[in-house]
Amino acid sequence: MFGPDRCGTTNKVHFILKHQNPKSGKFVEHHLKFPPSVPSDKLTHVYTAILKPDNEVKILVDGEEKKKANFLSADDFEPPLIPSKTIPDPDDKKPEDWDERAKIPDPEATKPDDWDEDAPMEIEDEEAEKPEGWLDDEPEEVDDPEAAKPEDWDDEEDGEWEAPKVDNPKCAEAPGCGEWKRPLKRNPAYKGKWHAPLIDNPSYKGIWKPREIDNPEYFELDRPNFEPIAAVGIEIWTMQDGILFDNILIASNENVAESYRETAWKPKFTVEKEKQKEEETTESEGLKGYQKLVFDYLYKIADLPFLGDHKPKVLDLLEKAEQQANLTIGVLVAIVAIIFSVFFKLIFGGKKPANVRAEAKKPEVAESSNNQGGTEAKEEEKNEDGAAPPRRRNTRRED
């Protein structure tokens, strides 16, 4: 089995060899370890597996080598094509008197007479004294004196009305209110539950393992026994459309595959790449146009007279956002919050002046590097944002 697989957390180019054991006659699947990953785009890609007479296998993605392995190496396939010479004896059993405990409780240890397992971890601090001015008879919360029962309150339907609670103003001027209790401190007599100390186990024999015996399915191999290729099958499990397969080639000459890749795949890939660049450029220009429109409206909002003292804050936010255009949405939310705060203050008033802070967070710069595993090859992908720098405004915009 050979080909790309992207599903959930799986992202790799499979190479699975189903090889027959000449001793047992069983067919076993051997998976390539650390296979390369699949390109994360929607372009057409070509995957190549090259099997050589010296038991070497190479995996190419778009003609570039991503993985090199050896069929007979235990480090490259799981399970290895050549099984181990010995295996654990399936009939061997651990003796009943086998002791695997390295440490055991000291059988001669006894609990000290002064060890109190019932002592609490914390006790009251007997040296603590109630602060002077403590108001024992004052509750920590009292009914809100400014609250009034709503006119539409129905005791039969809504129940008995109770005023909401507020902090007792008398407690703010005193050390505390309510019943005073001594604080807790750590109990010096606390020792917890007693356990006998551990000592080396004189009967310890180590971790038991079954003895090794000769593997009846072991064999030696000079090169894999490849079965003749009689057909080509494609296994697809997807919930997305637009997946196409074509130009499947099986050849005995590596140069034939390379030539076909250059003539059948390379021109198509080049066209797709250019089209992708054009779409990204168009999308980037559309985004810049949208941002310009948003900033135009934001500067008009900043000129509204009722913003008052908040206008410098709004203008400062706009200048920062234009230098970092990806903050447009965050700045918009911050400005809307300022406007609503000022609006509600004008309508409802308040005892305390509103203190609204809006900060434009510095954007997190995410850098991704996709290194695809391979014995001698490594691929790195890097996306760069080609957006033009934002317009600079030194002062607020005048209409």
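Guide: The sheet is open and has four strands, in the order E1-E2-E3-E7, with antiparallel pairing. Its edge strands are E1 (2-7) and E7 (77-78), each of which pairs on one side only. This is a predicted model, in which local features need pLDDT of at least 70 and side-chain atom pairs count only at pLDDT 80 or more, while totals for chains, interfaces and linings use all residues. Residues are numbered from 1 along each chain as its sequence is written, and side-chain values use heavy atoms, with hydrogens and water left out.

Some terms come first. Strands (E, at least two residues) and helices (H or I, at least four) are DSSP runs, numbered from the N terminus. Two strands pair if DSSP finds at least two bridges between them. Strands of a sheet pair through backbone hydrogen bonds, either parallel or antiparallel.

Cys-7 has Thr-10, in E2, as its bridge partner. Cys-7 is partly exposed, because its relative accessible area is 41%; buried means under 20%, exposed over 50%, and partly exposed in between (1.4 Å probe, protein chains only).

Elsewhere, strand E5 (residues 56-61) contains Lys-58. Lys-58 counts as buried because its relative accessibility is 16%. Leaving aside neighbours within four places in sequence, Lys-58 is in contact (heavy atoms within 4.5 Å) with Thr-48, Ala-49, Ile-50, Lys-52, Glu-65, Lys-67 and Lys-68.

Next come the charged pairs. A salt bridge is a side-chain nitrogen of Lys or Arg within 4 Å of a carboxyl oxygen of Asp or Glu, and a search of the whole structure finds 16 of them. One of these joins the side chains of Lys-66 and Glu-64, at 3.4 Å from N to O. Lys-66 is buried because its relative accessibility is 1%, whereas Glu-64, at 38%, counts as partly exposed.

Asp-136 and Lys-130 form another salt bridge, with their closest N and O atoms 3.0 Å apart. Asp-136 is partly exposed at 35%, and Lys-130 is partly exposed at 40%. In the salt bridge between Lys-149 and Asp-155, the closest N and O atoms are 3.1 Å apart. Lys-149 has a relative accessible area of 39% and is partly exposed; Asp-155 has 41% and is partly exposed. A network of salt bridges links Asp-89, Asp-92 and Arg-211.

Now the cysteines. A disulfide is a pair of cysteine sulfur atoms within 2.5 Å, and by this rule the count is one. The disulfide is formed by Cys-171 and Cys-177, whose sulfur atoms are 1.9 Å apart. Its S-S torsion is about -125°, so the disulfide is left-handed. Cys-171 and Cys-177 are both buried.

Last comes the surface. Ile-229, Val-232, Ile-234, Ile-236, Ile-243, Phe-245, Ile-248 and Ile-250 form a nonpolar patch there, with about 800 Å² of accessible area together. Patches are made of residues with over 30% relative accessible area and no salt bridge; like charges are joined within 9 Å, and nonpolar side chains (Val, Leu, Ile, Met, Phe, Trp, Tyr) within 5 Å. Ile-243 lies in the loop between strand E15 (212-214) and helix H3 (254-302). With a relative accessible area of 41%, Ile-243 is partly exposed.

Note on methods: Accessible areas come from the Shrake-Rupley method with a 1.4 Å probe; for residues, only the protein chains shown count as cover.
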